[in-house]
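Please read it with the coordinates open beside you.

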Amino acid sequence: MNNPLPRIAAIHDLSGFGRCSLTVVIPILSTMGFEVCPLPTAVLSTHTAIEGFKLFDLTDQLPGFIEHWKAIKLRFNAIYSGFLGSAKQAGMVRDFIKSFADEDTLVVVDPVMADFGKLYASMPPEMIGEMRSLSSKAKVITPNITEAAFMLDREVPESLTEEQVKEWLKALADLGPSMPVITSLPLKSNSDRSFVAAFNREDGRFWLAGRPQVPTQYHGTGDIFSSVLTGSLLQGDSLPIALDRSCQFVASAIQITFGYSGLDHHEILLERSINTLHAPVTYASYRLIP
Ligand code: PXL
C-alpha cells in the first residue's frame, strides 16, 4: 500500500491535562503534514508536575500493539520517542527501532526524564542508564541540559562556555547519535536568551540557535521543540534551519501565551499558536560555534 503522507511512530504518553507529549506531538506533526501513529506509553490524568497525578502504565500492553503493527506490515518514515511509562519500555523501544527502522528512517529519541537538576516524579533512577542505551540507537537526541548531564554522568552545570558546549555535544555523539541537540543551555554569555546547540557528526559542524527568554517557565516546551524539530528534519530542512524553526515556534507559542494572565498550571496555549507553524522561518538566529 502506498501512503501519500510520511508516517511517524510517536512513542509518548497521553496526559489528559497539561499540554505535553501526545497532546502536542499529534497536533504539531499533523499540522506539518505527517501521519502520526501514537504508541502510548502511559495514560495520565495530568503531567507529573501537577500534584496528585494518576499514571496508568502501558508496559504490558505495548508488545501486543507492536506485534499487531508488525503483522499488518506498517512502515514508518520516522520513529520519535519521548516520555516512557517504565524503565523496561526503553528496551521495547530499542527493539521497535530494530524491527521498524532501516537506514532511511529518521529516529529521534527525546530522553524525557528530568529538568532543573531533578528526575521527574514518576522516573526511577534506572531510567538514566536505559535512556542512555536507547539514545545510542537514535540519529537525533534532544535532551535538556539536566538530561544531558545525567546521561553523561556529570554535574548539572550552572553555566557553560561555547567551548564546553562543543565538548558536551561530542560526548553525547560518542554515545551513538549522529545529531545530538541540547536544549535549555545555560550559556554564560547572554542570559536574556534561551539557547539550544547541536552537533552534526556527518559534517563536523556545531550550531547554536536561540530565542528571547521570558520571565516565566512553561511546561511542555521541550516536547513542542522536539516535535517541530522532528517534522522539520523529516521535511528536509537542514539541521540549523530545523533548530531555528523549532526555536521560532516555541518563542511564538510562549509569546502568545505570556500575554494572557491567570492561566492554569503554566500551560502553553498551543491552539492559539499552532497556525504559526506554517510561517516561514523569518529570522535566522543560528550561527556556527567556531
Ligand atoms: O514534557 C515532558 C513530560 C512528558 N510527559 C509527562 C511529563 C512531562 C514532564 O513533566 O510529566 C507525563
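1. Basis of the note. The model is a predicted one, in which local features need pLDDT of at least 70 and side-chain atom pairs count only at pLDDT 80 or more, while totals for chains, interfaces and linings use all residues. Residues are numbered from 1 along each chain as its sequence is written, and side-chain values use heavy atoms, with hydrogens and water left out.

2. Around the ligand are D13, S15, C20, S21, L44, H47, T48, F83, V112, Y120 and D223, where a residue is counted if one of its heavy atoms lies within 4 Å of the molecule. By class, this shell has five nonpolar, four polar and two charged residues; Ala, Val, Leu, Ile, Met, Phe, Trp, Tyr, Cys and Pro count as nonpolar, Asp, Glu, Lys and Arg as charged, and the others, Gly among them, as polar.

3. D13 places a polar side-chain atom 2.8 Å from a nitrogen atom of the ligand, and S21 has a polar side-chain atom 2.9 Å from a ligand nitrogen. For D223, a side-chain N or O atom is 2.8 Å from an oxygen atom of the ligand. Of the 310 Å² of accessible area that the ligand has on its own, the protein covers 94% (Shrake-Rupley method with a 1.4 Å probe; for residues, only the protein chains shown count as cover).

4. S21 in its loop. S21 sits in the loop between β2 (14–17) and α1 (22–31); helices (H or I, at least four residues) and strands (E, at least two) are DSSP runs, numbered from the N terminus. Most residues other than glycine have a negative phi, whereas the phi of S21 is positive, near 45 degrees. S21 counts as buried because its relative accessibility is 4%, buried meaning under 20% relative accessible area, exposed over 50% and partly exposed in between (1.4 Å probe, protein chains only).

5. K73, another positive phi. K73 is not a glycine either, yet its phi is positive, at about 60 degrees. K73 belongs to the loop between α2 (62–71) and β6 (78–81), and is exposed, with a relative accessible area of 68%.

6. Helix α5. Is helix α5 (residues 145–152) enclosed by the rest of the structure or open? Eight of its eight residues are buried, so α5 is largely enclosed by the rest of the structure. These buried residues pack against β8 (114–115), β9 (118–119), α4 (126–135), β10 (140–141), α6 (162–174) and β11 (179–185). Just after the helix, D153 takes a positive phi of about 60 degrees.

7. Nonpolar cores. A nonpolar core is a set of buried Ala, Val, Leu, Ile, Met, Phe, Trp, Tyr and Cys residues joined through side-chain atoms within 4.5 Å. In the largest core, which has 55 residues, W69, F76, F96, M113 and L185 touch the most other members. A second, separate core of 40 residues includes I28, M179, V214 and F249.

8. I224 in helix α7. I224 lies in helix α7 and counts as buried, at 2% relative accessibility. Not counting residues up to four places away in sequence, I224 touches V24, I28, F249, V250, I268 and L270, contact meaning heavy atoms within 4.5 Å.

9. S45 in strand β4. S45 is located in strand β4 (residues 42–46) and is partly exposed, with a relative accessible area of 35%. Beyond residues up to four places away in sequence, S45 touches G16, F17, F53 and K54, and its side chain reaches the backbone nitrogen of K54 at 2.8 Å.

Conventions: A polar contact is a pair of N or O atoms within 3.5 Å; within protein, one must be able to donate a hydrogen and the other to accept it, and residues adjacent in sequence count only if both atoms are side-chain atoms.
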